[in-house]
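Dear colleague,

Please find the structure below for your records. I would be grateful if you would read the notes that follow with the structure open beside them.

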Amino acid sequence: MAAAPSPAPSNFIRDIILEDLKTNKHNGRVQTRFPPEPNGHLHIGHAKAICIDFGLADEFGGDTNLRFDDTNPEKEETEYVESIKADVNWLGFQWDGLFYASDYFDQLYEWAVKLIKDGKAYVDDLTAEEIRKHRGTLTEPGKDSPYRNRSAEENLNLFERMRAGEFPDGSRVLRAKIDMASPNLNMRDPVMYRILHAEHHRTGNKWCIYPMYDFAHGQSDSIERVTHSLCTLEFEDHRPLYNWFIQQLGIFPSRQIEFDRLNLTYTLLSKRKLLQLVQEGRVTGWDDPRMPTLGGIRRRGYTPEAIRNFCGAIGVSKTNGSIELAMLEHFVREDLNKRSPRVMAVLRPLKVVIDNYPEGQVEEMDAVNNPEDPSAGTRKVPFSRVLYIEQDDFREDPPKGYFRLSPGREVRLRYGYFVTCTGVVKNEKGEVGEVHCTYDPASRGGNSPDGRKVKSTIHWVSAGHAVDAEVRIYENLFSKEDPSKVDEGKDVLDNLNPNSLEVLSHAKVEPSLANAAAGTRWQFERLGYFCVDPDSRPDKPVFNRTVALKDTWAKVEKKQGGTR
RNA sequence: UGGGCCGUCGACUAAUGGUAGGUCAAGUGCCUUUGGAGCACUUUGUCUAGGUUCGAAUCCUAGCGGCCCAGCCA
């Protein structure tokens with residue numbers, strides 16, 4: 001039955017939702033949320049979470065909120081919230097509600113007071129260091145704080161004074177009274193509030209105490225009546241605490257479900273490390289086209305559709321593994337192949353003179369814009385006596401199996417003519433500086449009336465008409481498959497690929513590209529997909545290589561141990 | 001070493017006690033005015049050992065391996 005089309009594969013989260021729908025757990029309602037902390041830019045890992053949060057809700061006619069988890073004023077900035085909103089939209093999703101954990105600070109405070117009154121929370125005067133020591137270890141239980149049994153009145157008084165700003169940062173915290181001997185460290189009287197005299201990007205100086213993630217997240221979900229709170233695996237150990245607060249407070253029971261975080265080979269998806277790359281100037285910024293940030297891959301030329309297709313294809317599970325970068329690249333090529341107009345561009349130009357072509361003559365050759373899309377039509381490309389071809393497309397001494405131009409060999413110039421190499425002119429260094437050819441006038445457009453075949457078709461631009469361009473070629477930012485695996489005494493940044501960026505400043509592109517708008521995407525025939533960079537100027541367009549085309553010759557050559 | 005989670009082709013993921021399938025990668029062939037598009041085909045897998053069962057990737061037990069947790073970060 002191998003030929004039978006497989007049904008769309010489900011995943012364990014969808015199965016849970018389906019089950020909840022079946023049992024009418026939430027009256028058929030599905031509500032999710034995407035809860036980034038506005039302390040950095042979104043990356044491809046967040047794209048996976050976004051696709052899951054929004055995708056699953058959409059699938060069942062549910063809603064998804066965008067909620068900023070802004071409980072730590074020291075790291076958060078408005079600039080980041082704007083960037084995150086733009087990235088979510090760019091990916092193709094619209095949120096239903098837009099909220100901030102800080103919207104709930106008053107409610108959260110009231111709930112903290114309730115827990116104090118119920119004898120479920122206490123103010124602790126221990127220092128951070130002492131709290132750590134009292135927490136015990138993975139194998140040993142913790143010890144109760146000497147302040148654990150203060151009266152509700154005293155706790156309330158102290159907590160109110162914490163809020164009033166009577167105490168310095170770090171002098172006291174509010175803790176949940178749970179179980180210092182719990183095998184789950186998160187349950188050993190977790191901190192609920194800390195004193196932080198810091199200005200918050202939204203609440204300004206209203207507060208000098210801020211709730212911890214654990215005291216904010218579940219309640220925020222509950223306030224928004226989130227039915228399925230989807231997050232990554234490292235929060236598994238927090239779930240009992242998430243549930244504990246909801247239960248003690250008797251509020252709407254959101255359910256936390258964890259899935260595996262995205263890992264991609266040759267790339268690092270840690271906000272902290274990405275920040276370091278930016279701060280140390282290892283990349284040009286958050287939107288450097290080598291960065292896995294959504295800003296970076298957008299500038300690189302990736303499409304939202306490609307990313308969404310990728311996220312759909314990798315699935316959702318709890319297995320922690322690593323997806324091969326080739327998988328992502330496949331989805332980018334697949335999408336770009338359908339939509340990108342083809343053009344001719346020469347990255348490393350080699351001059352070709354067609355000796356028998358009339359001096360001064362120019363012909364407009366018809367070129368197909370996109371063979372995958374006939375409606376894209378055709379365009380005219382100027383052809384003349386002096387052209388540029390790719391240095392790679394000529395070999396004075398062709399190795400076995402090399403089909404491109406070499407002395408005595410005839411090839412097709414795409415949409416042009418058959419040309420035969422008659423000789424080369426070398427420069428003083430002995431390098432081939434100029435290739436001479438003759439053309440067959442009968443082969444105009446690229447076919448010979450006598451039915452003669454050539455083994456190769458190469459691209460070209462007319463020297464007199466080509467536009468100078470800068471082309472930026474990107475390789476993996478890291479040279480290690482798993483960049484987070486660091487050798488003894490080394491740093492992650494030691495795994496950086498020193499050759500991740502190559503700038504070709506003397507590329508020649510066909511004239512139709514002279515005014516290509518920033519952000520437009522093109523396929524340079526035989527080379528790959530390229531996107532116009534915002535750095536482009538009218539006199540000098542700049543292109544980023546999004547991804548190369550698959551190159552079977554490169555593979556063959558590599559296998560032969562070939563040299564270049 | 002305590003707790004939590006997870007082990008299916010090289011990678012990712014299905015199969016919900018009943019035919020181990022899909023995608024990527026790799027390989028072979030075809031085709032080609034992109035050597036790169038496209039098409040066809042092929043290879044490789046249930047961590048191990050026991051058990052339950054007519055039947056186990058799936059359930060049970062034990063091992064082994066991986067990831068996460070000791071922030072007043074999220």
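Two strands are said to pair if DSSP finds at least two bridges between them. The strands themselves are DSSP runs of E with at least two residues, helices are runs of H or I with at least four, and both are numbered from the N terminus. This is a predicted model, in which local features need pLDDT of at least 70 and side-chain atom pairs count only at pLDDT 80 or more, while totals for chains, interfaces and linings use all residues. Residues are numbered from 1 along each chain as its sequence is written, chains are lettered from A and ligands numbered from 1 in the order in which they are written, and side-chain values use heavy atoms, with hydrogens and water left out.

**Two hairpins**

Strand 16 (residues 410–413) pairs with strand 17 (residues 418–426) in the antiparallel sense over 3 bridges. Within this pair, V411 stands opposite V419 of strand 17. The two strands form a hairpin with 4 residues between them, and Y415 in the turn has a positive phi of about 65 degrees.

Strand 17 also pairs with strand 18 (residues 432–439), again in the antiparallel sense, over 7 bridges. Here K426 has V432 in strand 18 as its bridge partner. This hairpin has 5 residues between its strands, and G430 in the turn has a positive phi of about 85 degrees.

**The RNA strand**

There are 71 residues around RNA strand B, of which D15, S317, R342, G445 and R526 come nearest; a residue counts as near if one of its heavy atoms lies within 4 Å. Sugar and phosphate make up 61% of the atoms of RNA strand B that come within 4 Å of the protein.

- The side chain of R194 has an N or O atom 2.9 Å from a phosphate oxygen of RNA strand B.
- The side chain of E372 has an N or O atom 2.6 Å from a sugar or linking oxygen of RNA strand B.
- A backbone N or O atom of G446 is 2.6 Å from a base oxygen of RNA strand B.

Helix 12 supplies the largest share of the surface near RNA strand B, with 4 residues.

**The whole chain**

Chain A has 13 helices and 25 strands. Its radius of gyration is 31 Å, well over the 24 Å that the globule rule gives for 564 residues, so chain A is more spread out than a compact globule. The radius is taken over C-alpha atoms, and the rule is 2.2 Å times the number of residues to the power 0.38. Along its principal axes, the C-alpha trace of chain A spans about 100 × 55 × 45 Å.

How values were computed:
Polar contact = N/O pair within 3.5 Å; in protein donor to acceptor, adjacent residues only side chain to side chain.
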